[in-house]
Amino acid sequence: MNLKPVLILLGLALATIFALVCVLLTRERSPRTCQHLPPQQEDTEDGQSLVFADLTAEEMSQVVRYLQGHLGVPLVEASRAKPSENCIAWLDVQVPAKAEVLRFLDSGGARPPREALAVLYFGKQPEPNITELVVGPLPRPAYHRDVTEHKYGGKVPYHRRPTLAVEYKQIGGFLKSQVFPSAPAFMQQVMEYDGANLATVTAAPRGFQSGDRVTWFVLFQNVSGFFLHPVGLEVLVDHSSLDISEWAVSRVFYNGQYYRDMVQLESAYVQGRISVEKVRKAPRDGDFSSMKPRAPAAAPFPLQFEPQGPRYRVRNNQVLFQGWSFAFGMSVSRGLRLFDIRHKGERVAYEISVQEALSVYGSNCPAGMSTRYMDGSFGLGRYTSPLVPGVDCPYLATFVDTLSLSDSLRPKKTKASLCIFEQNLGSPLRRHYSNLQSLYYGGLVNSALVLRSIATVGNYDYVWDFIFYQNGALEGKVQATGYPSSSFLHGDGLRYGNRLWEHTLGTIHTHFVNYKVDLDVAGVKNSLMAHDMVFEVAQAPWSPEQQIERPRLTKRVLDTEDQAAFLLHSKMPRYIYFAANSKNKWGHQRGYRIQITSSAGDHIPEASSMERAISWARYQLAVTRRKEEEPTSTSIYNQNDPWTPTVAFADFINNETITNEDLVAWITAGFLHIPHSEDIPNTVTVGNSVGFLLRPYNYYDLDPSIYSQDGVFFTSEQDFTACEINPLACFPKTASCLPNFPPFTFDGFRNM
């Protein structure tokens with residue numbers, strides 16, 4: 001018998017067995033893929049949250065078709081409308097009255113009719129105006145009603161209209177075709193103008209009195225990060241006429257000098273009567289303003305993953321997490337907002353929403369010194385940015401698309417413009433290590449849910465967060481980043497900021513953000529309470545000849561709106577809270593405390609002719625009676641006519657009684673920004689974060705986070721390496737898995 005074939009077969013068989021054993025052993029040692037488990041929190045979504053939902057694309061389209069067919073006037077697409085034509089500026093959902101919504105949510109009442117709010121510019125009328133129409137019922141509109149006079153006490157004058165993208169485009173065309181050609185030598189030899197190498201940035205407001213629509217435009221080199229490349233030229237354009245052919249230049253500014261127009265500037269240049277400061281041409285990537293990394297990629301930064309999948313649920317516009325539930329949405333003008341916020345099934349707040357972001361600039365250049373940006377007018381929701389996984393939000397966050405209709409007749413989808421994620425903050429929410437008497441450790445990781453959007457309005461990026469903690473606290477926070485605004489450095493410019501580059505002055509400015517917080521603490525009716533401390537001097541009872549200085553609790557009820565309006569830098573009670581009519585187990589009124597985090601600069605003087613338009617910024621906190629006719633602290637129309645504001649928040653405060661009433665807290669936070677060299681190329685979020693906390697204050701009988709399933713406790717007598725004793729000891733089994741990181745995607749450059 002020939003043994004050779006048998007031996008060969010036997011060898012192959014052994015090799016195969018060995019290989020299989022190696023594979024099996026390797027597989028046992030290899031991490032498994034993470035298996036997602038459904039969240040343990042009960043899914044209570046029943047469609048009620050949809051009463052607050054943003055408009056769908058189909059609803060927007062239906063509203064546009066209805067308006068086109070039922071107003072009896074031609075509507076031009078806003079992206080190509082002349083000022084003298086009619087157009088739909090934007091659409092938003094019309095949130096029903098609170099009383100209607102609460103009857104529906106809490107008492108089994110009928111679902112309120114679903115309606116849209118349409119803002120229309122009527123330029124082609126004997127008396128051009130802005131009109132707001134409520135259109136309904138959705139999804140098949142059959143009626144509309146004009147709510148302009150009801151909301152604002154009269155027609156809204158046309159000059160107050162927020163500037164559409166097409167108007168900026170028309171002004172750009174006016175500069176390019178009529179203004180710049182009137183100074184050919186200056187533009188070619190000093191600016192090296194080729195028709196495309198200059199970018200413009202608008203100032204606002206636009207003039208000095210009601211009716212003005214006269215805007216300074218600053219010229220920059222059209223390169224990456226152009227906000228840092230001023231060339232010294234600014235042009236004041238009068239575009240108040242509805243006839244574009246009547247637009248004109250009112251003033252020109254160059255390198256510290258003012259001229260009647262470009263013709264006078266050209267004459268001065270040709271005659272050598274001008275001080276020329278020629279700016280070195282920047283490369284297309286902007287050189288110092290480029291955000292391209294200056295270092296090669298290295299080891300990946302730490303990433304976060306959920307071993308058993310997300311512990312929160314997102315259903316339509318509702319989020320559920322660890323006892324929290326809330327509805328979310330995106331206002332075109334005001335941005336991120338929440339409704340029906342509940343903890344442990346009980347409503348804590350009816351509405352929490354961003355109201356406005358304000359920046360007031362200083363400079364020795366005309367545009368910079370006159371700029372007071374009210375970003376709601378430009379659109380905090382409209383300019384919500386698509387988010388980059390891994391930087392803007394954790395890579396494995398849940399990303400949500402948003403829809404808007406502005407400057408167009410068609411809805412626009414912004415992909416991945418909201419993100420929701422649970423974040424391990426890397427620190428304990430609470431803990432204690434006992435080394436006295438008994439030996440034990442008890443603690444709870446600070447893991448919170450974050451809802452985030454980022455609005456990019458011109459040069460600035462605002463990171464808006466709402467954060468939900470396991471102890472029942474809720475935080476509203478904004479972080480500012482993006483490019484600092486700049487002026488051309490000349491003369492006494494350093495009185496208004498720091499030099500950032502050869503010709504770049506980083507201009508001093510303030511940031512103020514305003515929030516509406518409609519707390520409903522254990523019911524709609526609340527009162528405002530203030531607790532604080534004073535030191536009192538007392539004799540020591542056991543040694544009367546000695547004295548003790550001890551802190552004592554002070555208590556006060558704030559009865560009126562005037563008492564509850566705290567000016568920006570005034571002393572405010574350190575514990576100020578909405579108090580319910582019910583009490584906790586220990587006899588204290590149940591409450592939610594407002595705690596503000598702010599390092600605001602100074603507010604514009606009240607003597608200013610435009611201060612009333614931003615009078616909400618007078619106050620770090622103001623609490624007023626809630627009124628349907630006072631839905632927002634400002635108006636999108638205030639930016640272009642702050643001298644006769646459409647909404648003046650100061651009028652909300654009229655000393656009404658606020659005891660046992662439905663109350664709203666208007667919270668202002670901010671910071672002063674003096675740009676410095678480390679703001680090049682970009683301002684960082686570190687240190688530029690402000691906001692507020694809502695914290696339970698005797699609302700519960702004890703800290704509700706003690707019921708969290710994330711809690712850890714073990715004693716010296718227990719086997720704390722055992723999984724059944726210590727959940728942290730389970731990690732080798734429960735968390736040793738490979739997360740599934742999907743391929744990177746980003747749709748932010750599509751359909752621009």
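Trainee: Which strand pairs with strand E9, and in which sense?
Mentor: In this predicted model, strand E9 (residues 230–238) pairs with strand E10 (residues 248–254). Their pairing is antiparallel and runs over six bridges.

Trainee: What is the bridge partner of Leu233 in E10?
Mentor: The partner is Tyr254.

Trainee: What holds strands of a sheet to one another, in general?
Mentor: Strands of a sheet pair through backbone hydrogen bonds, and the pairing is either parallel or antiparallel.

Trainee: What is the strand order in the sheet that holds E9 and E10?
Mentor: The order is E7-E8-E9-E10-E11, an open sheet of five strands with antiparallel pairing. Strand E7 (198–202) and strand E11 (257–259) are at the edges; each has a single partner strand, so one side of each lacks a neighbour in the sheet. On average, neighbouring strands of this sheet are turned by 25 degrees against each other, direction ignored.

Trainee: Which strands does helix H5 lie across?
Mentor: Helix H5 (residues 165–179) lies across E7, strand E8 (214–221), E9 and E10. The helix runs at about 105 degrees to E9.

Trainee: A change of topic: which residues does the UniProt "active site" annotation cover?
Mentor: According to the UniProt record, an unreviewed entry, the annotation covers Asp375 and Tyr460. They are spread over 86 residues of sequence, yet they cluster in space, with a largest C-alpha distance of 10.0 Å.

Trainee: Is Asp375 buried or exposed?
Mentor: Asp375 has a relative accessible area of 5%. Buried means under 20%, so Asp375 is buried. Asp375 lies in helix H9 (residues 375–378). Not counting residues up to four places away in sequence, Asp375 touches Glu356, Ala357, Leu380, Val457 and Tyr462.

Trainee: And where does Tyr460 lie?
Mentor: Tyr460 lies in strand E21 (residues 460–468). Tyr460 also counts as buried, at 2% relative accessibility. Leaving aside neighbours within four places in sequence, the contacts of Tyr460 include Tyr361, Ala480, His509 and His673.

Trainee: Which side chain has a polar contact with that of Tyr460?
Mentor: The side chain of His511 does, at 3.2 Å.

Trainee: What share of the 752 residues is buried?
Mentor: Buried residues make up 53%.

Notes: Residues are numbered from 1 along each chain as its sequence is written. This is a predicted model: local features need pLDDT of at least 70, side-chain atom pairs count only at pLDDT 80 or more; totals for chains, interfaces and linings use all residues. Side-chain values use heavy atoms; hydrogens and water are left out. Two strands pair if DSSP finds at least two bridges between them. Helices (H or I, at least four residues) and strands (E, at least two) are DSSP runs, numbered from the N terminus. Axes are lines fitted to C-alpha atoms, for helices over the stretch in contact, and angles run from 0 to 180 degrees between N-to-C directions. Contact means heavy atoms within 4.5 Å. UniProt positions are given in the numbering used here, feature names are shortened, and annotations may be inferred rather than shown by experiment. Buried means under 20% relative accessible area, exposed over 50%, partly exposed in between (1.4 Å probe, protein chains only). A polar contact is a pair of N or O atoms within 3.5 Å; within protein, one must be able to donate a hydrogen and the other to accept it, and residues adjacent in sequence count only if both atoms are side-chain atoms.
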